[in-house]
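User: I am new to this structure. Please show it, and then I will ask how its terms are applied.

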Amino acid sequence: MKIALIGYGKMGKTIERIALERGHEIVSVIDIDNLDDFESDAFKSADVAIEFTVPKVALSNYRRAFAAGVAVVSGTTGWTDELPALKKEIDETGKTLFWSSNFSLGVNIFMAVNKYLAAIMNQFPNYNVEMTEVHHTQKLDAPSGTAITLADGILENLNRKTGWVKETETKPEEMAIKSIREGQVPGIHTIRYESEVDSIEITHDAKSREGFALGAVVAAEFTAGKKGLLGMGDMLKF
Ligand SMILES: NC(=O)c1ccc[n+]([C@@H]2O[C@H](COP(=O)([O-])OP(=O)(O)OC[C@H]3O[C@@H](n4cnc5c(N)ncnc54)[C@H](O)[C@@H]3O)[C@@H](O)[C@H]2O)c1
Ligand SMILES: O=C(O)C1=N[C@H](C(=O)O)CCC1
């Protein structure tokens, strides 16, 4: 398929390599120095644009791609307070956006395990739960989008928790998400249940950006011909 890239940073470059390896054509690459290319015939020829940029520009990028008649697959995080309004806009206009906080298959398996464990822990009120996420020092947003998705999974399944906070001091109904920025870490997410007598931890540790990028390209292949707001749950059957 014909793929446009919006954002040519760490993820954009990794996605480019994997897309070419999978036989796709990169018809346009847009970054801050060539934003006018949204109006180019090359960009408009794309079947899908894969967008990995920064939080403050994601929505404007989506809308510029939509105006060009191009579907979007995006992993940009740090903007999803706007997601409900954007979903309404997408449904009303018949556009296509596949968004995920994390495209890695391993992380999505981890997300499913997280929800299952949270549901089990309703039977065991003596455990408290907290999360730690570790990423590279260039990361702009905290907590990570993945951590927020994981926290949502816990809040949906563990009745005694109703919200998450960044602070370590929490009310009984809150869970803490601690963010650590260190070196070039691609992404580590750890969820810990602790009681007086023991602790239970589950962790996902990304070795590189390969898993994120492969997932994004596979999502682009899945998105072809579809409409609406799509996510990993539409593509993965677990
Ligand atoms: N969903 C996932 O699986 C996943 C995985 C990794 C990273 N991410 C997210 O993807 C985003 C990008 O991560 P990264 O590591 O590639 O960051 P990066 O900083 O390496 O790359 C971002 C790129 O976007 C460009 N950019 C900035 N403003 C732009 C604009 N208006 N239009 C086009 N390009 C613009 C920057 O110049 C840069 O080249 C972050 O939000 C990160 O959290 C998501
Ligand atoms: O490197 C990043 O930035 C990442 N961002 C996503 C997030 O915010 O969860 C996915 C993991 C890597």
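Predicted model: local features only at pLDDT ≥ 70, side-chain atom pairs only at ≥ 80, totals over all residues.

User: How do you know where domain 1 and domain 2 lie?

Analyst: The bounds come from an automatic or database domain assignment. Domain 1 is 2-103 + 210-236, and domain 2 is 105-205. Their centres, taken over C-alpha atoms, are 27 Å apart.

User: What makes residues of domain 1 and domain 2 count as being in contact?

Analyst: Contact means heavy atoms within 4.5 Å. By that rule, 11 residues of domain 1 are in contact with 13 residues of domain 2.

User: Why is an area given for the interface of domain 1 and domain 2?

Analyst: The size of an interface is often given as the accessible area lost when the parts come together. Here the loss is summed over both parts, with a 1.4 Å probe. Domain 1 and domain 2 bury about 900 Å², 57% of it on carbon and sulfur atoms. The side of domain 1 that touches domain 2 has 6 nonpolar, 4 polar and 1 charged residues. Gly counts as polar in these classes.

User: What makes T77 a polar contact of ligand 1?

Analyst: A polar contact is a pair of N or O atoms within 3.5 Å. A side-chain N or O atom of T77 is 2.6 Å from an oxygen atom of ligand 1, so the pair qualifies. A polar backbone atom of S100 is 2.9 Å from a nitrogen atom of ligand 1. The protein covers 83% of the 860 Å² of accessible area (Shrake-Rupley method, 1.4 Å probe) that ligand 1 has on its own.

User: Which polar side-chain atoms lie by an oxygen atom of ligand 2?

Analyst: Among them is one of T77, at 3.3 Å. H136 has one at 2.8 Å, and K139 has an N or O atom at 2.7 Å. The protein covers 85% of the 310 Å² that ligand 2 has on its own.

Terms used: Residues numbered from 1 in each chain as written. Chains lettered and ligands numbered in written order. Heavy atoms only, no water. Buried area = accessible area lost by both parts, 1.4 Å probe. Polar contact = N/O pair within 3.5 Å; in protein donor to acceptor, adjacent residues only side chain to side chain.
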